[in-house]
Amino acid sequence: MARFIFQRTLTMLLMLFLLSLVVFLVLELPPGDFAERYVHDLRQSGAQVTAEQVQLYRHMLGLDRPWYLRYLNWMSGILTRFDFGWSLTYRMPVTQVIGDRLVFTVLLSVVTIALSYIIAIPLGIFSAMRQYSIGDYTFTVLGYLGMATPAFLFALILLYISVIYFNTSAGGIFSVEFQNQPWSWAKLVDFLKHMWMPVVVLGTSGAASTIRTMRATMLDEKNQLYVTVARAKGVPERKLIWKYPVRAALNPVVSTIGWELATIVSGSPITATVLSLPDIGPMFLKALLNQDIYLSGTILLIYSALTIIGTFLSDILLAVLDPRIRLTGGTQ
Amino acid sequence: MQLNPDELIRISNLKVTFPLDEGTVRALDGVNLSIKRGKVLGVVGESGCGKSITARSILRIIPDPGKIDEGEIWLRTTVGSSDGSERMVDLARIDPNSEMMRQIRWGEVAMVFQEPMTSFSAYHTLGDQISEALLTHRHVSKREARQRTIEMLERVGIPNASTRVNQYPHEFSGGMRQRAMIAMALICNPSLLIADEPTTSLDVTIQAQMLELMQNLRQDFGSSIMFITHNLGVIAQIADEVSIMYLGKVVEHGRVGDIFNDPKHPYTIDLLNAIPKIAGQRKDRLVAIEGNIPSPFERVPGCPFHPRCSRMIEGLCETQAPPEIEFGNGHFAVCHLYPKII
Amino acid sequence: MRRTLLPRLKIGSRAKGLSPETSKEAYYTATQFQLMWWKFQRHRMAIIGSVVLAIFVFIMIFCEFLAPYGPQSRNSDYIFGKPQKLHFFDEGGKFQGLFVYGVETAFDRETMQLVPTEDRDVLHKIKFFRRGEPYKLWGIIRTDLHLFVVEDGFVHLFGTDNLGRDVFSRTLYGTRTSLSIGFIGVMISFVVGLFMGGVSGFFGGFLDNLIQRLIEFIRSIPTLPLWMSLAAALPKEWSPLRVYFTVTIILGFITWTTLARRVRGKLISMREEDFVFAARIAGSSDLRIIIRHMLPAFLSYIIVDLTVSFPAMILGETTLSFIGLGLREPVVSWGVLLQASQNVKAIEQHPWLFIPAAFVIVSVLAFSLVGDGMRDAADPYSH
């Protein structure tokens, strides 16, 4: 087991390193750079900028050095000083720009995933136990709809409904009047009133697939011989269901929590933009469009790192939760 | 219905059907059999003849969408009586989800299944699953249950039982799992043990060990045993009486000696001829029974065996259901070949 | 239990009305695709999904004919016009056939704006198979035949946008773009996946190792942010057509990994099979063994995987275009159309501009249903 974890950790670190390189290269792809774009904007607004000035500006930002030097510089900054570079648009260190937003993103994702599991797992079990009942059909249909609706469209639909039917202000995380207020009970209530929507939007697709997986595995497991044996043993039906097929069906669902978390985080940029959340998503989009390379690079790196770490966690969980893998040292 | 004093369970005219999209399967088409106290009944037949369904009917665990249409399953039991006296219950008629049925399961009737590899949950230790049976039916503490489990595992020949009790099924070989299954089946000391082809999926040497084990345990526990197999050799070793099943019916029944020495039904005769004989001449070919079991959706008129029978009587066997003929000593055959009175 | 009792019985025999004997015969001699078809037919939802998909494909092929107007034709008399309702009976309850009311522009003194309102005195009858705006079918056949037009006045079933363009027609054209991106993207991922998976599974060894690591690596990059980064890298000066193809390639190149894994897995399990060995002894070349003997054996799985990856393509395109990183005007796709309703205010004022969203959802739903049905049918002997 220890060896398994050690191996996975090594792979993960190697992946992270390669990723940082690819991330940098991808962001280097577009022709031109931040300086050019900046100057272009300046010229648009009527300023006279000479080619020399552009060159000077570029030099100032360090954009005239070859990409590998900039990459090495960026990397060494991250590794030695936890310095992710300088955001060109915000004129601040990237860590400062992202800070609070990252915390918010992760918190939102964790809350979302917790709620979606709490709701989806019982529904999946229910659907499987009452196969072909009205409830089962309803959840199945909702599940399909939940998976077929792209999150950003779902966000727009919910926003629309809340504006038209509930007449509430939409988007953001606070109403205007609480924007700059210190925390208070009223502000918390207002916050919760706003937060249900992102949680629902981000959680629905994952919840839908959890219901489906849970239902399918339950249906599979409850016809297994060991369940019949338990029934033949005279174990009461309710206890039997929770002890045997539910335990087996939980395994794939719970183990994928790492992937789910990563999926939610990396799937959120568009939704966050639509809902105007103070999340790293809208910032990522803006940074991409402005070629603010260290900012977009850092955010892309965060998304990727979360995915890799999520996968790592899931691999470990899968091994820990299944005695067959756990006890054979994970030689699969 | 009255059970004879020496009878533990009697099944009469049991009919089980499976209504499926493709048609209705008659899995059991009027099964009659009975098991005496402390005796071993061997049930023999080809796969698909309804042996396992008969066994599962007793525990009322027929897989969906199967259902009992007709017939009775009378069992002598102490379950549900306050003073511990025996009474008779028709298992075919009580609700499979009732408390009564739940207590009979494993408390009175336990079963060893065919596939030891899938009989246990991979996520729970063997000890947990075995002691669960005891905790469900007997008033014991967890500690006692564990102690009893270790004892039982030792009885069935699992070494280092006190450590192995905490291990998971995948850490056991097939033979060891089947031993554990037998330990689990006997832990509540049931009055009837059903063994559904318990040795089929094991290799031959392990099979022999298992049979020996069952022989020994039978003497110690005094349970009646319903031993299901398609292997007549096994029956000869372990059974007192034999019921031969074909297409959801019992076609011949008798004491083991009578069946082997004086088989009456052509199907039984064919089955016996199909056993390879070590002492036989080398040039003797293995005899196979002609033809195949017909599709389960078809209903064969007359005697169900007539399409494959070498001694079929034209105009009789394919039209009329054969009568049950008794040959003395409880030896019956359901066949047209024998005159009514003997 | 069920396994021993019901050994692989005549699937669909009842639907075909065969007697047990002949249907058993039919079952054992049926080709793999017949078996799959019988099994697929039993999924009612998958059948519904296929019908919906067929309609979408029809729209994709004949959108010029089905749409009464071109995607860029403007109606300056009806800017931000509401969807016009179809009627059968006029004010007096008289049956008039299918028609829409005319529109007159009234001046609203409160808002000081021109407001189009329904003019109940003017009926524009819908005429089927009539001449209308000229167009070139598939860019080749010059014609002006439309499924339906109104002869004078106009018909905007889904309303019009800020330039007075017909949302109904644009949605149909968008269907063509969005679905074709899906098809081409799936084709790209099919070719790349088949090639990489084939090389990996058939030759094994170093190449296999290399490709497997590559796949693992690609899968560890989160899809949406990667798509966004790549799409953002496209130069603004590129022509819409070039952007279209590049976006398609981006979508296709990232989704091939699933297919490659499936192909590799199947090839490895099949490499040891007797029929492959027999073919090799008979002197067949590697390529021939793969294409002639191995591919047909797992084609069904590939088709299922392709169907399942469709929705991801459609959603990818829609999402990218929606935030302005994907396709741009004058290309019309569902995502491009939805750009018009990027915030609630826009939807609140002109809810009809949101109609293409329904097309996205319905098409993805249909693909998922069909995919599920096919996944189940791909294993024809399973229960």
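Tutor: Contact means heavy atoms within 4.5 Å. This is a predicted model, in which local features need pLDDT of at least 70 and side-chain atom pairs count only at pLDDT 80 or more, while totals for chains, interfaces and linings use all residues. Residues are numbered from 1 along each chain as written, chains are lettered from A in the order written, and side-chain values use heavy atoms, without hydrogens and water.

Student: How many residues of chain A and of chain B take part in the contact?

Tutor: Chain A gives 22 residues and chain B gives 26 residues.

Student: What is the area buried between chain A and chain B?

Tutor: Buried area is the accessible area (1.4 Å probe) that two parts lose on being put together, summed over both. For chain A and chain B the value is about 2,200 Å², with 64% from carbon and sulfur atoms. On the side of chain A, Leu225(A), Ala232(A) and Lys233(A) lose the most area to chain B, together 29% of what that side buries.

Student: Which elements give two or more residues to the side of chain A that touches chain B?

Tutor: Helices (H or I, at least four residues) and strands (E, at least two) are DSSP runs, numbered from the N terminus. The elements are helix H9 (225–232), helix H10 (237–243), helix H11 (245–255) and helix H16 (323–326) of chain A. The largest share, six residues, comes from H9(A).

Student: Why is His87(C) called buried?

Tutor: Buried means under 20% relative accessible area, exposed over 50%, and partly exposed in between (1.4 Å probe, protein chains only). His87(C) has 17% relative accessibility and therefore counts as buried. Of the 383 residues of chain C, 51% count as buried.

Student: Where is His87(C) found, and which residues does His87(C) touch?

Tutor: His87(C) lies in strand E1 (residues 87–89) of chain C. Not counting residues up to four places away in sequence, His87(C) touches Gly97(C), Leu98(C), Phe99(C), Tyr101(C) and Glu118(C). The C-alpha atoms of His87(C) and Gly97(C), 10 residues apart along the chain, are separated by 7.7 Å.
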